[in-house]
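Here's a quick walk through the model, from its overall make-up to the ligand shell. Have the viewer open as you read.

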Amino acid sequence: MTDPGQRLRSSLAADSAAGAAPEFDSPIAMEALRATRVLHAADQEPFPAPGRIRVITVANQKGGVGKTTSTVNLGVALALYGLRALVIDLDPQGNTSTALGVEHTVGTPSIYDALVGDSSLADVVHPTTASPNLRCVPATIDLAGAEIELVSVVAREYRLRRAIEGYVHALPEEQRPHYVLIDCPPSLGLLTLNALVAGDEVLIPIQCEYYALEGLGQLLNNIELVRAHLNPGIAVRTILLTMYDARTKLADQVAEEVRSHFGDLVLGTVIPRNVRVSEAPGYGQSVLTYDPGSRGSTSYVEAARELAERGVHLVPESDPRPMGAPPPPPPATAPMPAVRPATGPVPRAVPGSDAAVAPVPTSVDEETR
Ligand SMILES: Nc1ncnc2c1ncn2[C@@H]1O[C@H](COP(=O)(O)OP(=O)(O)OP(=O)(O)O)[C@@H](O)[C@H]1O
Ligand SMILES: [Mg+2]
């Protein structure tokens, strides 16, 4: 398991050996240096840009596993390290909007207006204070009614996909986001379905706690149904272990079990349970801006780095939505897949299989063939 601080320590050690950094053998010095690295991210080597826009749906119908926290902090990390990111809050709770300091009181132009109303995404995108590279589409409580209101809307499952495509293609190339991160609510209703149809890939945060895998089979079944009927491009590409508590054996057992099920889809970086992570939203901030030197902050930076590095190899040759291409014609209304409960064990990620759980490429050739 990758120690989130390992890379940073090696890098600092290299600097120190070269006489470029002061001694950092005390915890405070180490934390100060970590904070400096995050705060002055712009001076560091930027994360590599993906060859095409990556639309990542952050989903897990289990509540409180770290979907919002991961969406926010990965989005901020990508933005601080030089990539343009758009975060879409698709949860009526509006926690993502809160954490990014974006207004989401009733009446604020929000994702509801783009999904149910006639607004374009450009009308409801807001800047964030975290970074000029990061923009956010907030969710207001109106979204709670969208599950029902959408039922009678034409092509209801494609509303978000069309909104994103329309937005992206209207922007000049140099302003298009590299990453679109969609934070889902803890349910498998029409909002999550819209996010799965809109996305190219799914990121599943899994909390290192008992019952972590409960309900995961149902989520994977749903992704499989969406892939079969509505969005052939969707696949689980990333699993992120969250709230890891190194003091407990249980956390290790869960992490091991998840790795044995999902193999290389699981990021090497694990997000530790860290009080600064949970405090940050209360100040309308990500942990990277609230306490950049904390373990939570550096872990999310490392997780985002891994995500970005993997993204470089995840560019399929037959890209259905290449950057700069015109939007595809609107799809015919397809029937909504029935939600069926999980019956068997959580499927394993079988490298090379044509399943909703995608294998992680080991080389560019493997992915682009
Ligand atoms: N690494 C962490 N360390 C400590 N607390 C955390 C960490 N990650 C998340 N939390 C806290 O756990 C709670 C749940 O996290 P979060 O809101 O991100 O989960 P979620 O999956 O989005 O929840 P929901 O299903 O309700 O949308 C929050 O109070 C958050 O601050
Ligand atoms: Mg949430």
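## Ground rules and overall make-up

Helices (H or I, at least four residues) and strands (E, at least two) are DSSP runs, numbered from the N terminus. By that count, the chain has 15 helices and 7 strands.

This is a predicted model, where local features need pLDDT of at least 70, side-chain atom pairs count only at pLDDT 80 or more, and totals for chains, interfaces and linings use all residues. Residues are numbered from 1 along each chain as its sequence is written, while chains are lettered from A and ligands numbered from 1 in the order in which they are written.

Call a residue buried if 20 or more other C-beta atoms lie within 10 Å of its own, exposed if 12 or fewer, and partly exposed in between, with C-beta atoms placed from the backbone. On that basis, 49% of the 369 residues of the chain are buried.

## The sheet

Strands pair if DSSP finds at least two bridges between them. The 7 strands of an open sheet run in the order β3-β4-β2-β5-β1-β6-β7, and the pairing is mixed. At the edges sit β3 (126-127) and β7 (236-242), each with a single partner strand, so one side of each has no neighbour in the sheet.

Strand β6 (residues 201-207) runs parallel to β7, joined to it by 6 bridges. Isoleucine 204 is opposite isoleucine 239 in β7.

A nonpolar core is a set of buried Ala, Val, Leu, Ile, Met, Phe, Trp, Tyr and Cys residues joined through C-beta atoms within 7 Å. The largest one here has 97 residues, and Ala77, Leu78, Ile111, Val180 and Ala304 have the most contacts inside it. Contacts mean C-beta atoms, placed from the backbone, within 7 Å. Leaving out residues up to four places away in sequence, valine 180 touches Ile53, Val55, Ile56, Leu86, Ile88 and Ile164.

Ile164 is among the buried residues of α8. Since 9 of the 12 residues of α8 are buried, the helix is largely enclosed by the rest of the structure. Its cover includes β1 (54-58), α5 (111-115) and β5 (179-183).

## Around ligand 1

Near means a C-beta atom, placed from the backbone, within 6 Å of the molecule or strand. Of the 19 residues around ligand 1, Lys67, Thr68, Thr69, Pro186 and Ser278 come nearest.

Definitions and conventions
Contact = placed C-beta atoms within 7 Å.
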